[in-house]
Amino acid sequence: MGSYLKYFFKRVFFMVVTLWLIATITFFLMQLLPGTPYTNQERLSPETIAMLNKQVGLDKPVIVQYGIYLSNLVQGNFGISFQFKNQAVASLLAGRIGPSLQLGLQAIIFGTFIGIVLGTISAMKQNSWADTASTLVAILGRSIPNFVFAVLLQYIFAMKLRILPIAKWEGFAYTILPTLALAMSPLADSARFIRTEMVEVLHSDYVELARAKGLSRWEIAFRHGLRNSLIPLMTLLGPLAVALMTGSLVVENIFAIPGIGEQFVKSIMTNDYPTIMAVTILYSFMLVFVILVVDLLYGLVDPRIRLSEGSKS
Amino acid sequence: MEMKYPSIVDIPADEFQPLQKNTEEEREEIAAPSLNFLQDSWRRLKKNKAAVISMVLLAVIILISIVTIFVSPQDPSKQNVDYINLPPRVPGLNIDGLNGKTMVAGELVDKYAQADVPSNVNYLLGTDGLGRDVLSRLFMGTRISLLIAFIAALFDITIGVAYGLISGMLGGRVDNAMQRFLEILSGIPNLVVMILMLVVFEPGIFSIVAAMAITNWIPMARIVRAQTLKLKDQEYVLAGMTLGESKWKIAFKHIIPNISSVIIIQMMFSIPTAIFFEAFLSFIGLGLTPPAASLGTLLNDGYKTFLYLPYLLWIPAVTISLIMICFNLIADGLRDAFDPKMKE
Amino acid sequence: MEKILEVNNLTISFDTYAGKVRAIRGVDFDLNKGETLAIVGESGSGKSVTTRTIMRLLSSNANIDEGQILFKGQNIVDKSEKEMQKIRGREIAMIFQDPMTSLDPTMTIGKQVAESLRKHKKVSKKESLQEALDLLNLVGIPDAEKRLKNYPHQFSGGQRQRIVIAIALICNPEILIADEPTTALDVTIQAQILELLKEIQEKIETSIIFITHDLGVVANVADRVAVMYAGKIIEVGTAEEIFYNPQHPYTWGLLGSMPTLESEDDRLYAIPGSPPDLLDPPKGDAFYPRNEFALKIDAEMEPPFFELSNTHKAATWLLAPQAPAVNPPAEIQRRWDIFRKKQNQYSA
């Protein structure tokens, strides 16, 4: 277990370093930004601007600002939003994490589950019509941009068939269409991945041995095929998380969901720098965290890594 | 085995003379003909109907995009307030929806007549909210999206391959450092980098290209490095090194040709990603802005008027989906063609 | 000698993008109860395909064009997949070549050994693991009880092969097919595994079909030997007959290229060229292009089997009455001399 703990701490340390770097880069990028956070700055006199700057702390040397920035960050203080003058960014975002998180989790769980099923069917019945059909679904899911898909869903189910609400977030039914739209990406990616992995596994020597034992194809797929394919699938979770974050920007917009993604877009439109920085850091943190969890879990789940210090003779 | 003779003893004795022409060279002949790797892969690729259709389609689209730089049905940026929101009119076709007529509040109306459009002026895909020809804008949009795609591919091949190759060949501490850097860089979601670029530099082609320059080549670098490491240990590389070839010569002569299939496949997959990103950013208003036309801005415009002019969204939607499907099918086909073990 | 398996005129082809490959072109052999039959040949000779056909483990582009495989009075060729699943692992079992890849890396070996028992017989999980433990002891895995929970990567190559053997034996199969079980192992481990197989055969009385390209290995284990080339059996006999009285030039080639302590030549004889393309098999004796002893008729007609004893036959025109006498390579002559001496001893 000792080597695993070392691995664990190494990864955590690395995560912290990455986050620090991201925060720093974001900070300095923001320094490059033209303009000030004040509305109608053309109408303000230089003296007024200087005074406002002093108030907000923008007159201090960059290094000092940086220090304040970092210490604020660690305390969870992201400053005050430029867009909503009275609201701390942190509280602004806190209220929006819920919907985004729920949407994201639903999408990834639904998407990967269906993707695994489709990929498995594809691999088991290679080149049959079932394979072609599920490959088609996977290709469409990868190719049709998720916002197009989202609009399509709205059009069919909300406008024409009228069986689901078109937008907003007021109950479970409201989550169905956005989840579907967001799930297409994880679904397509995991279906393709599982198919490739499974096909390779199904051609491996140990599967041939399992057949020689008299096991049926489905027994082999479940007991040997899935486990060996699902483990590498974990490595996909990082990129999937990214895809979800990206997708959420547009899906939340289209369906008017009060989540972080929707706010992010608004903040960009209104040059609300503190909020932009905060969301940047938040997303980066989530991604790095997911990658960390995946790395750790992988080491735990794959016996070859977990037990690399096992007795050998 | 046809028996020319009723039984063995009937076979004449001179049949049992030693066979003359069995010389050493003939015995050494290898019986089966061998195909070179590229020919083999190309043959396999040709059999994949989906990939072939995609390639043809894509070639056609690219051709049209280039040709329309010089010859376009209309000027894509020309606005004509009198002719706004006209439905498609294809001369010669009298199908509702393609003849200048469309449903307005339940009734079929000839909007061209309404707007007093002369009979020799036809907008094959209609006009948008500012009176611009949709078809011409579609060509322009496709062109820009494809341009961005190829710039992305360029970054892939140059930065991505170079980075991965150097990292893999040099190994040791340099490799470690380069990998750490890569991990950090990829720890920031692509999206965030793009947004930051867009915020810092005004939205436009430059910021999108800048963002891609920073992030798009990372998967390629990873794959190239992994393959380089794998090949580095192969015996023929070691053989080359013992014969005194310099590392870089080996890299170019042996490694690159062998990983070229992987590079091509990865490139084919990264292009749709780039197209998607541009479209996505433009769609939410962060990418290109009108009057520039990209598939993304067309989608954005179309979305705004979706409720009563859905075709303004469907046309660019179908176009972009088609392009992405083609690239994906070609990439899948290439992957299957280069690595036949994957298929049964 | 009781026959336990009978293969008659087995003919198999594969559909490939280049055309139909005739991999097996009319193979006959029998397996007797309690014996070890070795099938020897180069890569591509068809030895693996033949045995995979017995288990019906061929890929989907394979066709059994003709022939039958009789096991316990029934024709395996006609059986459905479901029926075959009852036979595999239980009545006929197989061990494979590469122990490093034959085991599922993510499942404990205890479970893997017990798996076929649980599939074929109604036993509880506990009982099956106990049985697995017994088998691991039988094949010589030390500290077996603790190691039931270990994973394959925690064992050496030789040990993994023992585990594979345990898996094959757990249901007491009547036939064990060993497909090059020692090719991927070090020489010292090879000897151990062969020893193990011999012990097991004595204890359990399984009949073994042993596939290999290495004649040296065969000498130790086989009762009878069948030599395959280009999809056909070209010579078959007892081990002694094949080693000391070989008649087919290909068998000579195999024996000549095998280094032994006794041979006087200091150069190894290598058979020039490579096996024929089975997309379009040659008309006569498939070996003729590489055969320095080829006769004109070898290019025209396939030789039938000529019998030398009721256990030994070879398909070579050199045994026809009209054939000229040939001088085999020195190494073969040396063996023939040994054989004649032995024969004289028996009749004396």
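How far apart do the C-alpha centres of domain 1 of chain C and domain 2 of chain C lie? The first legend gives the value. The model shown in every view is predicted.

**View 1. The two domains of chain C and their contact.** Chain C is divided into domain 1, residues 3-222, and domain 2, residues 227-347. Their C-alpha centres lie 29 Å apart. Where they meet, 23 residues of domain 1 of chain C are in contact with 17 residues of domain 2 of chain C. On the domain 1 side, E2, strand E3 (36-40) and helix H8 (215-221) of chain C give two or more residues each. E2(C) accounts for the largest share, ten residues. By class, this side of domain 1 has eleven nonpolar, seven polar and five charged residues.

**View 2. An open antiparallel sheet in chain C.** Four strands of chain C form this open sheet, in the order E2-E1-E4-E5, and the pairing is antiparallel. Strand E2 (19-32) and strand E5 (74-75) of chain C stand at the edges; each has a single partner strand, so one side of each is left without a neighbour in the sheet. Strand E1 (residues 3-16) and strand E4 (residues 62-71) of chain C are joined by eight bridges. Within this pair, C:Ile12 stands opposite C:Ile64 in E4(C).

**View 3. Contact between chain C and chain A.** Chain C contributes 27 residues to this contact and chain A contributes 22 residues. On the chain C side, helix H2 (81-87), strand E6 (92-95) and helix H3 (109-120) each supply at least two residues. H3(C) gives the largest share of that side, four residues. The chain C residues that touch chain A divide into nine nonpolar, eleven polar and seven charged.

**View 4. Contact between chain A and chain B.** Here 32 residues come from chain A and 31 residues from chain B. Helices of chain A that each supply at least two residues to its side include H1 (2-32), H5 (129-143), H6 (146-160), H10 (237-254), H11 (260-269) and H12 (273-301). The side of chain A that touches chain B is made up of 23 nonpolar residues, eight polar and one charged.

**View 5. Helix H4 of chain A and its kink.** Helix H4 (residues 89-124) of chain A has 36 residues. From its first C-alpha to its last it reaches 50 Å, close to the 52 Å expected at 1.5 Å a residue. A kink of about 35° lies at A:Arg96 in H4(A), shortly before the proline A:Pro99.

Methods:
Residues are numbered from 1 along each chain as its sequence is written. Chains are lettered from A and ligands numbered from 1 in the order in which they are written. This is a predicted model: local features need pLDDT of at least 70, side-chain atom pairs count only at pLDDT 80 or more; totals for chains, interfaces and linings use all residues. Two strands pair if DSSP finds at least two bridges between them. Two residues are in contact if their C-beta atoms, placed from the backbone, lie within 7 Å. Ala, Val, Leu, Ile, Met, Phe, Trp, Tyr, Cys and Pro count as nonpolar, Asp, Glu, Lys and Arg as charged, and the others, Gly among them, as polar. The expected span of a helix is 1.5 Å times one less than its number of residues. The bend at a residue is the angle between axes fitted to the seven residues ending there and the seven starting there. Domain bounds come from an automatic or database domain assignment.
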